[in-house]
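Please read the following report alongside the sequence and the coordinates.

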Amino acid sequence: MELEPELLLQEARENVEAAQSYRRELGQRLQGLREARRQIKESASQTREVLKQHFNDLKGTLGKLLDERLVTLLQEVDTIEQDTIKPLDDCQKLIEHGVTTAEDLVQEGEVAILGGVGEQNEKLWNFTKKASHIQLDSLPEVPLLVDVPCLSAQLDDSILNIVKDHIFNHGTVASRPPVQIEELIEKPGGIIVRWCKVDDDFTAQDYRLQFRKCTSNHFEDAYVGSETEFIVLHIDPNVDYQFRVCARGDGRQEWSPWSVPQIGHSTLVPHEWTAGFEGYSLSSRRNIALRNDSESSGVLYSSAPTYFCGQTLTFRVETVGQPDRRDSIGVCAEKQNGYDSLQRDQAVCIGTNGAVFVNGKEMTNQLPAVTSGSTVTFDIEAVTLGSINNNEGGNFKLRVTISSNNREVVFDWLLDQSCGSLYFGCSFFYPGWKVLVF
């Protein structure tokens, strides 16, 4: 009986904690509702503005097109009028000249007749001679009304029905975009963006991915193509970025509405090559190395051991040069100067001919030869920590997967000592090889 108050107190505390947890959960759901409401309101407002702007543009364009058509038709009327009036004007001038000539002849004849046949006989003679030279029975041809143009405008009101049908079916309002971003995966100096279709009735031909810093007002294109995954590089660490994607339907030119923007960032330090090595030229971000024509050779290492087990390290060969059996791309436990290749102890690598080396020994399994555009990935996981009693020695075992051109090899890598992070490196003996690491 004495324990009952303590039990009641304990139960009361548990109920208080449960109520607090319940309140927090409800608060999170309220926040989710607020965000959902904000998304609906903001997207509805943006859609209204887009619709108004689009239809205002249409009205302006249609008005301009109608004005241009009206001007064309009026010009056509002017041309027909001018071309057909000219012969009538010429005929009128001819008739008016004939009228003037006839009036003059009448006056002259009347004067001659009034003079009689005596002393005015010469006037009668001259008048008669003059009249005989004028063809008083020749009249110019005047066209009948049925033979001259009678202009009219042929206007078919059916265009209104056609335009009306097109307008009534123009534009749609979608409650959600046909594609959405489903995953953002951080990478050293980059973010992998994956998206998917959410509308089964929508057949996508191409996708368009854009991104921007959250502090920027301008999105920029990162990718346009048929893939549903892309790694956006040149991402500053610990900076928030917004990503959005849209799609273009099969056989269509216009893009769909944008997906709901997703925010992502990378906390991983970008991979960089070591600067100042004479045989290689680096990009401004030092993630691209180009083997130049310097006679200096050797292994170009990363600036720091930035690769950690459990991550994926990717090399993309941008351009190729002449291959050599000593070429190498891979990872190592530590930098060791004096070697011209990673085909040595405490390193794993792939040669440009596809050969795979573990601690300097070539494996029987090979990968395809490295060509321009090839992607080589290293996935390494810690398998055993501590002492390993076998004839091969070593006290740290890693499981390594190297993939290239849709092929992969898996093997164990024994190190003399444990290490929390690894260096990466490459070596090429001829100029022209360019490698991007991310």
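Two strands pair if DSSP finds at least two bridges between them, where strands (E, at least two residues) and helices (H or I, at least four) are DSSP runs numbered from the N terminus. The model is predicted, so that local features need pLDDT of at least 70 and side-chain atom pairs count only at pLDDT 80 or more, whereas totals for chains, interfaces and linings use all residues. Residues are numbered from 1 along each chain as its sequence is written, and side-chain values use heavy atoms, with hydrogens and water left out.

Strand β1 (residues 179-187) runs antiparallel to strand β2 (residues 190-197), the two being joined over 8 bridges. Within this pairing, Val-179 faces Lys-197 of β2. The hairpin of β1 and β2 has 2 residues between the strands, and Gly-189 adopts a positive phi near 75 degrees there.

Rings of Phe, Tyr and Trp (its six-membered ring) pair if their centres lie within 6.5 Å, and planes under 30 degrees apart count as stacked, over 60 as edge-to-face and the rest as tilted. The structure holds 11 such aromatic pairs. One of them joins Phe-211 and Tyr-241, whose ring centres are 6.2 Å apart with planes at 40 degrees, so the pair is tilted. Because Phe-211 belongs to strand β3 (residues 204-213) and Tyr-241 to strand β6 (residues 241-249), this contact ties together parts that are 30 residues apart in sequence. Ring pairs also link Trp-195, Tyr-207, Tyr-223 and Phe-230 into a cluster.

The structure holds 0 disulfides (pairs of cysteine sulfur atoms within 2.5 Å). For Cys-150, the nearest cysteine sulfur is that of Cys-91, 19 Å away, while for Cys-196 the nearest is that of Cys-246, at 15 Å. The table gives relative accessible areas, with buried meaning under 20%, exposed over 50% and partly exposed in between (1.4 Å probe, protein chains only).

| Residue | Relative accessible area | Class |
|---|---|---|
| Cys-150 | 73% | exposed |
| Cys-196 | 26% | partly exposed |
| Phe-211 | 11% | buried |
| Tyr-241 | 2% | buried |

Finally, an unreviewed UniProt entry places the feature "coiled-coil region" at residues 9-53; such annotations may be inferred rather than shown by experiment. In the model, residues 9-53 are 100% helix and 0% strand, with their end C-alpha atoms 65 Å apart.
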